[in-house]
Amino acid sequence: MTDAKPNGALTLRTVAMPADANPAGDIFGGWVMAQMDLASGITASERAKGRVVTAAVKEMAFALPVKIGDTLSVFTTIERVGRTSITLSVEAWATRARYNNMEKVTAATFIMVALDESGQPTPVPAE
């Protein structure tokens, strides 16, 4: 167990299940990325007070695998608010089912864009 701590607000927690894994028991990276995208959407839509979509994901690398039974916790931090975009730092941490220690498995920068009712970019309101 390391002394490292997650950065940001806990936004989403879920358990990695067998349907999300390859035959060796490692969870698919796309599943982890999808959870991070969901968490980004939650935080960005709350800040934008409306609909948001993912515009980009930057520099995502997996340091450790996620295994069946691990609890995946996703932490988000808003780093920048532009005219129509919100940039977030997102970290994914796994709590190991059998050992109860939490390890950082990946991190990335997500860029979300606020949309109006017709699906066009719209300004993010002031806080």
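## Briefing: fold, core and selected residues

Glutamate 59 counts as exposed because its relative accessibility is 75%, where exposed stands for over 50% relative accessible area, buried for under 20% and partly exposed for values in between, with a 1.4 Å probe and protein chains only. The model is predicted, so local features need pLDDT of at least 70 and side-chain atom pairs count only at pLDDT 80 or more, whereas totals for chains, interfaces and linings use all residues. Residues are numbered from 1 along each chain as its sequence is written, and side-chain values rest on heavy atoms, with hydrogens and water left out.

**Overall fold**

- The protein holds one helix and five strands, where helices (H or I, at least four residues) and strands (E, at least two) are DSSP runs numbered from the N terminus.
- Along the sequence these elements follow the order β-α-β-β-β-β.
- The protein is as compact as a globular protein of its length, because its radius of gyration of 15 Å is close to the 14 Å that the globule rule gives for 127 residues; the radius is taken over C-alpha atoms, and the rule is 2.2 Å times the number of residues to the power 0.38.
- Taken along the principal axes, the C-alpha atoms fill a box of roughly 45 × 30 × 20 Å.
- Of the contacts between residues at least 6 apart in sequence, 69% join residues at least 24 apart, a contact being heavy atoms within 4.5 Å.

**Surface and charge**

- Of the 127 residues in the protein, 39% are buried.
- The accessible surface, computed by the Shrake-Rupley method with a 1.4 Å probe, comes to about 7100 Å², and 54% of this surface belongs to carbon and sulfur atoms.
- The protein has 12 positive and 13 negative charges, whose mean positions are 2 Å apart; Lys and Arg count as positive and Asp and Glu as negative, while His and the chain ends are not counted.

**Nonpolar core**

- The largest nonpolar core has 25 residues, and those with the most contacts inside it are Ile27, Val32, Met36, Val66, Leu72 and Val74; such a core is a set of buried Ala, Val, Leu, Ile, Met, Phe, Trp, Tyr and Cys residues joined through side-chain atoms within 4.5 Å.
- At least two residues of this core come from each of helix 1 (29-48), strand 3 (71-81), strand 4 (85-95) and strand 5 (102-114), and helix 1 gives the most, with six residues.
- Leaving out residues up to four places away in sequence, isoleucine 27 touches Val32 and Val66, among others that include Ala16, Met17 and Ile68.

- Valine 105 lies in strand 5 and counts as buried, because its relative accessibility is 0%.
- Beyond its neighbours up to four places away in sequence, valine 105 touches residues including Phe62, Val66, Leu72, Ala92 and Trp93.

**Positive phi angles**

- Lysine 49, in the loop between helix 1 and strand 2 (52-62), has a positive phi of about 60° although it is not a glycine, and at 60% relative accessibility lysine 49 counts as exposed.
- Glutamate 59, found in strand 2, is not a glycine either, yet has a positive phi of about 45°.

How values were computed:
The place of a charge is taken as NZ of Lys, CZ of Arg, CG of Asp or CD of Glu.
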